[in-house]
Amino acid sequence: MNNQSLVVTGRNVLLPGSDQPQPATITVNIDTGKITDIQTVYAERSPGGDATFIDAGEKFVLPGLVDAHVHLNEPGRTDWEGFWTGTRAAVAGGITTVVDMPLNSIPPTTTLQNLEIKRQTAQGQCWADVGFWGGVIPGNQADLKLLVAAGVKGFKCFLIESGVEEFPCVSEHDLHAHMQELQDQSTVLLFHAELEGDSCSVKTHEEHDPTAYQTFLSSRPQELEANAISLITVLQEKYSSLRCHIVHLSASSALPIIRAARSRRLNLTVETCFHYLCLSADDIPDGRPEFKCCPPIRSESNRDALWEALIDGTIDCVVSDHSPCVAELKKFEEGNIMTAWGGINSLGFGLSLLWTEGQKRGISLRQIIRWTSEETAKHAGLSSSKGQLSVGYDGDLIIWDPAAEFKVSKELFHFKNKFSAYEGMVLNGVVQQTILRGRVAYDRAQNGFDGLTPIGKLL
């Protein structure tokens, strides 16, 4: 057997247990894709032999990111996004693993048969490693254990209409059957946590300007999230062994409910998204549907509270929720935010976004990697192989220039539909190379993908 290795050395390598990058040399066995050795020294030259040698010099060497909330939409809506384009966008931004959401593909990942259709479609198309979330919809509780056995990382459900007919929301009554089925499994139940109640609902605001961002923001009040999270914590008292997870938290008013649940030792984890941490409703122009997502981007003070919750550990991790669509569904010409598809195109920009915004807030690179690699890997059940540079882990790493500056433009969009709320922003931090299990998956010096082929695995 060929035991050829990749050796990566640098003066700024971010290793587990260290708050600061340090000199290190990492060896990856290309056959197994695993890290076999880490020396805390900078190697001036190639050790010789069969090893491929990469000298990162002063650039930073980081673990590959794990984006645990991505909509790849294939099959069925491949014109929105697909495995080929979505995973290219991922590795271009240093993401070596994505976990695909069970909607908006047709069919959705709600049965074993549907999972197999999706996996067959993905074969040979993936530039990053790809895992899959399953879906919880009314009546599919008998499918759940089969999906767990087939390797899905957990299950997503909606407490409010999802926007696609193939993935209806569940009621509190529905959830008892699903949670009963899942509580003895090694899995997690993810909630799109918005819930209409007696005192608040999604309002159409037909009498208000549909191009005004404030009209949309008023239609999805924070109480929707607080209602949902309150219900989830009540359900957790009955199904205490099943971890529940709040996806894309946007409402700071829900943070006291989450903190109270943690104080009662409920098994609850929480994510937020790059757009809630890096954008503010106060700065969104009217008539710009590319900023629409559900739940919405909220005020500057709300954003500050989310950052505080992330820093103190109330929020566990940060993901993209890359939720693309074709341009026509964004209603750009009429600027109608109320009828536009909700979703932010951002896949591949998360590290630069958090680094740029985080520098204003005294955030360290260690914190960012914990939120986007270590905790996301843990959340998706991948923490024994992904998310850190350690012996025995997958050789997934990024060579990254933290000082390099770039302007977000269409030329940098590797995802399929080339529009984004971030277009025109100036960000810091550029990925030079992405290495997946010891092999180069992206190389900026070679136009990104010249001479490369997709080597991603289905997890």
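Q: Why is Asp312 called partly exposed?
A: Asp312 has a relative accessible area of 48%. Buried means under 20%, exposed over 50%, and partly exposed in between, with a 1.4 Å probe and protein chains only. Asp312 is therefore partly exposed.

The model is predicted: local features need pLDDT of at least 70, side-chain atom pairs count only at pLDDT 80 or more, and totals for chains, interfaces and linings use all residues. Residues are numbered from 1 along each chain as its sequence is written, and side-chain values use heavy atoms, leaving out hydrogens and water.

Q: What makes Arg259 and Asp312 a salt bridge?
A: The closest N and O atoms of Arg259 and Asp312 are 2.9 Å apart. A salt bridge needs a side-chain nitrogen of Lys or Arg within 4 Å of a carboxyl oxygen of Asp or Glu, so the pair qualifies.

Q: Which residue forms a salt bridge with Lys34?
A: Asp394 does, with the closest N and O atoms 2.6 Å apart.

Q: Why is Asp394 counted as buried?
A: Its relative accessibility is 9%, so Asp394 counts as buried. Lys34, at 28%, is partly exposed.

Q: What makes the link between Thr269 and His245 a polar contact?
A: Their side chains are joined at 2.8 Å. A polar contact is a pair of N or O atoms within 3.5 Å; within protein, one must be able to donate a hydrogen and the other to accept it, and residues adjacent in sequence count only if both atoms are side-chain atoms.
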